[in-house]
Structure formats: structure tokens, C-alpha cells
Amino acid sequence: MALSGIEIYKLLPQTNCKECGFPTCLAFSMKLAAKQVELDDCPYVTDESKATLAESSAPPIRLIELKAAGGTTKAGNEVVLFRHEKTFYNRPGVFVRIADTEGAEAIAATAAAVESFVVDYVGLELKLDGIAVQGSAPDSFAEAVEAVRGVSGLPLALVSQDAAVLEAGLGVLDEAEVPLLVGATTDNWEALAGLAAGRGAALAVSGTDLDALAELTERLTDAGVEDLVLHPSASGLGARLAMQTQIRRLALKNFRPLGYPTIAFAGEAADGLETSAAAQAIAKYAGFVVVDTFTPELAYALLVLRENIYTDPQKPIQVLPAVYEINNPKSSDPVLVTTNFSITYFSVANEVEGSGLPAWLVVTDAEGMSVLTAWAAGKFDAERIAKSVKEFGMADKVDAKTIVLPGHVAVLSGELEEELPDWDVKVGPREAVDLPAFMKAVLA
Ligand code: SF4
């Protein structure tokens, strides 16, 4: 039974020392009751109180970690329904499903493509997280898992309702791996529970309604299997969304039988809706998303969507401070400067790229703020700009040494000339949309 804010308050030190970031212990206790802070944020809770508070401080959605030589994929530990209430923590793992009926050669080819797929997105490397192997018979399943493991070390989901099939696949894997077994139902749960417990694997339970899912997880936890994942199955997008949302809502209300991350098989959606179902599952509220169709354009779109949803709304979206080459610049081309607030970066980069004019774009670390905000906060000044220019070795990349400041910070031009005496400092336009015309008129 979860404790109320007042009950939690009685177990806190009540010194109002503010170290947790809240003005009073009462304010902290209210946040803890709402699952919006961690108990560890207060360094003074006694062990005795910690034990009493364990349930209240436990995340409403259990953390599940799938492990393999190629990485770890986490799901769960979420504490809010809407991202703006705090943040979402663990990006849903995007898996590609391969059937054991496809033949070892085709399986290895797909697995290798999934393994090597990478998106370079504003300095971030976005990758797929795992492979789901669908089993039909023990021998073919073991061969399929072996073919996947021959080319990929990514975490695996082993999918079958037949314990003998899953056991054959598990036999191929390294003992240290933690895969996800998918396929527990009211008919086979005891056999699959034995397999999961024996190998320390996570287990996904399947059901078409929440009552069935909750009943199954209770049976499994009674049997000692704690690392569970929910697989609510439905074909229509509306039904899929409703089940995912209800599970998240109930979990956040501390309904323990549904306090687990979910897995969504987008290929199970009605015909032609796989892409929409995958995107929907990323937004609301899957912990693992499995697609049957692997194409670079689909994977790219899903990973970028996920990146945008799983950014912390309390922190500005940033791009990596670096020098970005636009339209293959040469040593005679100009150097433009801006901050690492992603919208600022994209505004400038898109305008210049669209114009076809080559330029070097130096993005300075302004803690993710836009040009004017960063300047006002002292995070975008001549010293920082000069430091970036030197750090990125711009003097070795260009001969012309023409550097363009954003028009909003024209006031920095004198100081920048002092910081970079060999450079010709020019003041560009205030708006990114005017950059191409400026470049043609002033820099040509
Ligand atoms: Fe109270 Fe602990 Fe916060 Fe200090 S850190 S105000 S003792 S809850």
C-alpha cells in the first residue's frame, strides 16, 4: 500500500535543510508520494525509514534490463503520464523481428543490417536496440538464433509460446545474456516461468485485455518471476493506444500487477498500419517496440521520433558543439558562428544548406541556449567563440579567415577582433533566413 505525502513526511528528518532541492521536507514528501522525485535525493533518511518507504519510493513501473555482449536495453522506471510533468527516462528499445522460417542466410543478412544501422543525428549516433527472433520449431529456432548471434551482439527477444522452442533458442546464448522471452499466456505460463527463472531472463506475458494480463503477472510473481513485460495485443490503432494508456495510468496509480514496461509488436497492427503503430507505441507508452519491416527510412524516422520525445523538457535540446561542414566548404569559404540550441542550429544550417552556398558552421557550447538568451546569460561571448574557433582548429581549415557573427550579437565584434586578431570579423544578419542573401552580397 502506497503511503500518502503526510505519512511519508512523518518518516523524513523534518529539518527542512533544503539539500533535496525543496524548501521543506513536506514539499519533498508530497513529490515523493507523487513519484516525481527519488528517495535518494534526501541524504538523511534513516535505514529504518528507508525500509518503510521502500514501496512508496519504488518506481511504479519496474525497470527491466536486457543484456548482451553488444549492449544493454532498458525499459521501465517511468514516473509520469505526460512528458512535460517531469521527463520520460528510458527510450523504448526498437527491435526488428526475424522469423526462423526465413533461412539462415537471409536471417544473418537482416541481423547484420540491423546491427550496423546507424543514424548520425546532430552529432548523436542513433542505433537500433535489438532483434526479436520468432520461433516455429526447436531446431529452426536454434539455427536462427545462432545465425543472428554470428553477426550481431544486440540484445534479443525470443518469441514463441512453445517452451521447447524457447529452450532451444536459449541453449545457443551465452549464460551471461539476459534475453526477453515473449509468449507467456494462461495456458503455458508455468513452463515459461520455469525457463525464465532458470536463465534469469525477463518474461513477456501476452493478453488481449488488462484483466488477463494482471491475473497472469500475479501468478508469475507468486511463482517468483519478477522481471515481467506486458504484451497487450490488439490490431486497431485505437485499441492499442487505449490499452497502452490504461496500463500506464494504472501503473502510475500503483496498481502493481500492471507495473511493468510494455512491448508493442507493430506488425500485429491492422494491415498497412505497422509504421503508424510503431510511431504510436514510441510516443505512448511502449518500453520495447518491435517492427517486422526493416528499411533504413523507417528505422531513421522511428529513431529520430524517439529522440525527440525522450528529451528532457526541462533542458534545452542541444546539438553537439562542433564544426559542421555545409555544402562541402573549402579553405576559401567563410566561417559562420552560432550556439548549440538545436532550433538555432537547424535554422542556420537549413538556410545555408538550402542556398547551396558552402560554409563552415562553428557551433559553440552555450548550454543549449539561443543566441540572444545565451549572450544575456553570459554563455555566448567573444571569449567562448574564440575558444571554439581555436579548439576546432579553424585556422588550419581556412585561408580566408572570415568569421561571421550573428547580427543579434553585433556588440561582440570588437571584442572578437581582439580575441582573433588574424581574422576578418563580419556581422551577419539577425535572422537565419537572411543569411543566403548576406553571403551572396557580402562574402562573395
Ligand atoms: Fe528534508 Fe531531506 Fe529535503 Fe533536507 S534533504 S529538506 S531533510 S527531505
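I count a salt bridge when a side-chain nitrogen of Lys or Arg lies within 4 Å of a carboxyl oxygen of Asp or Glu. The model is predicted, so I kept local features at pLDDT of at least 70 and side-chain atom pairs at pLDDT 80 or more, while totals for chains, interfaces and linings use all residues. Residues are numbered from 1 along each chain as its sequence is written, and side-chain values use heavy atoms, without hydrogens and water.

**Salt bridges**

I searched the whole structure and found eight salt bridges. One of them joins Lys379 and Glu367, at 3.4 Å from N to O. Lys379 sits in the loop between α13 and α14, Glu367 in the loop between β15 and α13, 12 residues apart. (Helices are DSSP runs of H or I, at least four residues; strands are E runs of at least two; both are numbered from the N terminus.)

I then checked exposure: buried is under 20% relative accessible area, exposed over 50%, partly exposed in between, with a 1.4 Å probe and protein chains only. Lys379 is partly exposed at 22%. Glu367 is partly exposed at 37%.

Next I looked at helix α11. Its Arg306 pairs with Asp129, the closest N and O atoms being 2.7 Å apart. Asp129 lies in the loop between β5 and β6, so the pair ties together parts 177 residues apart in sequence. Both Arg306 and Asp129 are buried.

Glu307 meets Arg91 at 2.9 Å, N to O. Glu307 is buried at 9%; Arg91 is partly exposed at 31%.
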